[in-house]
Amino acid sequence: MPDLPERDAPDAPEPPESDAERRRRRARFLRELAEARELRDRVQPRRAKTARLRHAMRMRTFRW
């Protein structure tokens, strides 16, 4: 993958990333994760339905 930095480069010390960069990276990851879940739900509707029912049952039996 050409867009990933090489981890074995000894002459390139990584500067600590800022909070904004970390939040941006996290937001992008969460968007991609949600997109992957939507795609999986469209491709496997039966599994998505059982997952929804299972989640609803968990929420009904959860004690606050």
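Reader: What is the relative accessible area of Arg25, and is this residue exposed, partly exposed or buried?

Author: The model is a predicted one, and the values discussed here are computed from it. A residue counts as buried under 20% relative accessible area and as exposed over 50%, with partly exposed in between. Arg25 falls in the middle class, so the answer is partly exposed, with a relative accessible area of 43%.

Reader: With which residue does Arg25 form a salt bridge?

Author: A search of the whole structure finds 1 salt bridge. Its closest N and O atoms are 2.6 Å apart, and a salt bridge requires such atoms to be within 4 Å. The partner of Arg25 is Glu17.

Reader: Which residues form the negative surface patch?

Author: Patch members need over 30% relative accessible area. The negative patch is formed by Glu32, Glu35, Glu38 and Asp41.

Reader: In which helix does Asp41 lie?

Author: The protein chain has 2 helices and 0 strands. The helix that holds Asp41 covers residues 19-43 and is helix 1.

Reader: What percentage of the residues of the protein chain count as buried?

Author: The accessible surface of the chain comes to about 7000 Å², and 55% of that surface belongs to carbon and sulfur atoms. To count as buried, a residue must have under 20% relative accessible area. Of the 64 residues of the protein chain, the share that counts as buried is 2%.

Note on methods. Residues numbered from 1 in each chain as written. Predicted model: local features only at pLDDT ≥ 70, side-chain atom pairs only at ≥ 80, totals over all residues. Heavy atoms only, no water. Helix = DSSP H or I, 4+ residues; strand = E, 2+ residues; numbered from the N terminus. Buried < 20%, exposed > 50% of the residue type's maximum accessible area, 1.4 Å probe, protein only. Areas by Shrake-Rupley, 256 points an atom, 1.4 Å probe, with all protein chains shown as cover. Patch = residues over 30% accessible without salt bridge, like charges linked within 9 Å, V, L, I, M, F, W, Y side chains within 5 Å. Salt bridge = Lys/Arg side-chain N within 4 Å of Asp/Glu carboxyl O. Lys, Arg positive; Asp, Glu negative; His and termini not counted. Charge placed at Lys NZ, Arg CZ, Asp CG, Glu CD.
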